[in-house]
Amino acid sequence: MIALDPMLEGDVLWTPLLIVVLKVLVVFVVGLVATMLMVWFERKVIAGMQNRIGPNKAGPFGLLQTLADGIKLFFKEDLLPRRSDKFVFALAPFLSLVPAFLAFAIIPLGGDYRDGNDGVVTWFGVETRVQLADPHIGVLFALAISSIAVYGIMLAGWSSGSKYPLLGSVRASAQMVSYEAALGLSLASVILISGTLSTSGIVAAQSTLTDWHVVATGIVPFIIFLIAATAELNRPPFDLVEAEQELVGGFNTEYSSIRFALFFLAEFMNTVTMSALIVTLFFGGPQPISYGGITLDIPLIPNGLEGTIWLLGKVLVFLYVYVWFRATLPRLRYDQLMDLGWKVLIPGSLAWFMLLAAQRLARNEGWNVFTTTAAAVVVLGACYALLQGAFAISNKTREREGAQF
Amino acid sequence: MGYLGGFLVTFRQHGRKNRVTTQYSGGRLFKRKKRSASAMDVKVEKPERLHGRHVLNRYEDGMEKCIGCELCAAVCPAKCIHVRGADNDPDNPTSPGERFGWIYEINYLRCIHCDLCVEACPTEAITETKLFEFSFTNRKDAIYTKNELLVGDDGKPRHMPWEDWRPGEDQHTSAWMRATASAGDASFVGVVSWAGERGYGVRAAEATQAEADSSADASITSDGTTSSSAQTKSSVTH
């Protein structure tokens, strides 16, 4: 609990406390505004990809469309289904919303990380970081929080007292729990390379382009993380939880008015947070692009502020990628989704993690790195063969005995 | 490219001009520029055979084509047409022949624009324009009387205040009819077999199916409309 932030070491004074309050406020407002703009961005980009115009009436370029929709939802009738569990039904949207905002707290939103600086800035004579909290368990916190977000969706479906939401929530819990494993395992590779769990530490470890974890861990953990994160966010092509064609609206079928808006908000907030997390873990967060001693520097802007601009640019790329996924890929079938999660992503990320660990061990112990890598690849190949054998046998058994679910 | 080819397909759509949605009036931009709705709204070219609001046509000498036979009312599946015929005054006839349409009402709250009335009409008195944007605010306006349906002295449809007429919407009325004979016989395709209309004269026949097929599929609509409007002009000058 102590020393979540360098400025909270020692006695707690008024100025640091005020700065923390200010940060909380800013993160909350930034989260809300980012969500609002994300909804607009998504609608606009997907409209462009589908040869449509998209929202363009409310405000300049339709920017205020989300605000208008939000206001409308506020004044809609709030329905409470008769067969619902009233307390849980009312609680679920908040269980979904609060983690979405909490996860945003550990993202480094700026600061000067270049030339070996560790991102500490001085505000009003107090040293602090441009992030709400920098716990030592930073990344684990993000994982824990994103797991808690499952409860919101699960309880929403369960408490609705209706069939389709229940199916949606069953899907949600299965999907999110299984992809959580792949998410954590690909994250382990990053932690192995950077040697720290704290997000600011991870960012500080990625000072040049070759140090960016997307390069340093090989590209595989990043790809697995991206896919697993998409599934974790329930975004297309993994949006089976709210598959309109199959489940009416999925877990939020019975929700209306502002309760529905909260789910909607949480979903888009999670997208923004997850993009920021990907950037932090694999693309150097607020670090500028730097290679071989040459750093792309934006002139006239202090380095601390520049970090925010870099982060924003990188996050935008991933937000675009998520919208791109949605516009391009059709939804997976449920068994395909589970196959991808359990048979490809989890073994894949585990194998890659073992490979990196073997290399790291070889370097630490002074063994020959190439021989160790080759040995590791052989072992992993044997594991792959065993796994395929197991799949083949189970498939055969299933064919013989008939599918029993 | 395999699986990733799809990403290129969606990415390429950015900035394309062939959008499926068009601009419409309303909103902040529209208010600031103070432009009229018709200037702001971009409308997609209407298909030649679109079924819209009806008109009752007249002959070139001003006589009404309707003979009050009530076949349209009989065939109407929505039962939205109410017709009562009456005997013509021999000294001052309304239509050539014995009878004329005395009462003619169409209830547009019921009409499904199936065009069966047009098909049934033995004199091509009733045809459909391309107008479909007419939202009335009370039920009385929804029932079009004979006066409202009948074309004016210039042969053009009358414009109600709530109707959003665009240029060309009164042309190509019930194009299918021009493609086939009144008997519906395929051998009459492309043959003009109907009397002239006030304001338009004898309208040109629609292009036959063979001609439509031979022209490039992309330019069917634009070519079709330009050529037939040119034909309309020439037929007016005849």
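Chain A contains 13 helices and four strands; here helices (H or I, at least four residues) and strands (E, at least two) are DSSP runs, numbered from the N terminus. The model is predicted, so local features need pLDDT of at least 70 and side-chain atom pairs count only at pLDDT 80 or more, while totals for chains, interfaces and linings use all residues. Residues are numbered from 1 along each chain as its sequence is written, and chains are lettered from A and ligands numbered from 1 in the order in which they are written.

Consider the overall form of chain A. Its radius of gyration is 23 Å, close to the 22 Å that the globule rule gives for 405 residues, so chain A is as compact as a globular protein of that length. The radius is taken over C-alpha atoms, and the rule is 2.2 Å times the number of residues to the power 0.38. Along the principal axes, the C-alpha atoms of chain A fill a box of roughly 65 × 60 × 50 Å. Of the 405 residues, 43% count as buried (20 or more other C-beta atoms within 10 Å of the residue's own, with C-beta atoms placed from the backbone).

Helix α1 (residues 14–49) and helix α10 (residues 257–282) of chain A pack at an angle of about 95°, with their axes 9 Å apart. Axes are lines fitted to C-alpha atoms, for helices over the stretch in contact, and angles run from 0 to 180 degrees between N-to-C directions. That makes α1(A) roughly perpendicular to α10(A) (65 to 115 degrees). Among the residues that meet are G31(A) and M38(A) in α1(A), and L265(A) and F268(A) in α10(A); residues are in contact if their C-beta atoms, placed from the backbone, lie within 7 Å.

Chain A also touches chain B, in a contact that takes 12 residues from chain A and 13 residues from chain B. On the side of chain A, α1 and α11 (303–328) each supply at least two residues, and α11(A) gives the most, with three residues.

In chain B, three strands form an open sheet in the order β2-β3-β5, with antiparallel pairing (strands pair if DSSP finds at least two bridges between them). The edge strands are β2 (81–87) and β5 (143–144) of chain B, each pairing on one side only. Strand β3 (residues 99–107) of chain B is joined to β5(B) by two bridges, and I106(B) has Y144(B) in β5(B) as its bridge partner.

Key:
Angles under 35 degrees count as roughly parallel, over 145 as roughly antiparallel, 65 to 115 as roughly perpendicular and the rest as oblique. Two residues are in contact if their C-beta atoms, placed from the backbone, lie within 7 Å. A residue is buried if 20 or more other C-beta atoms lie within 10 Å of its own, exposed if 12 or fewer, and partly exposed in between; C-beta atoms are placed from the backbone.
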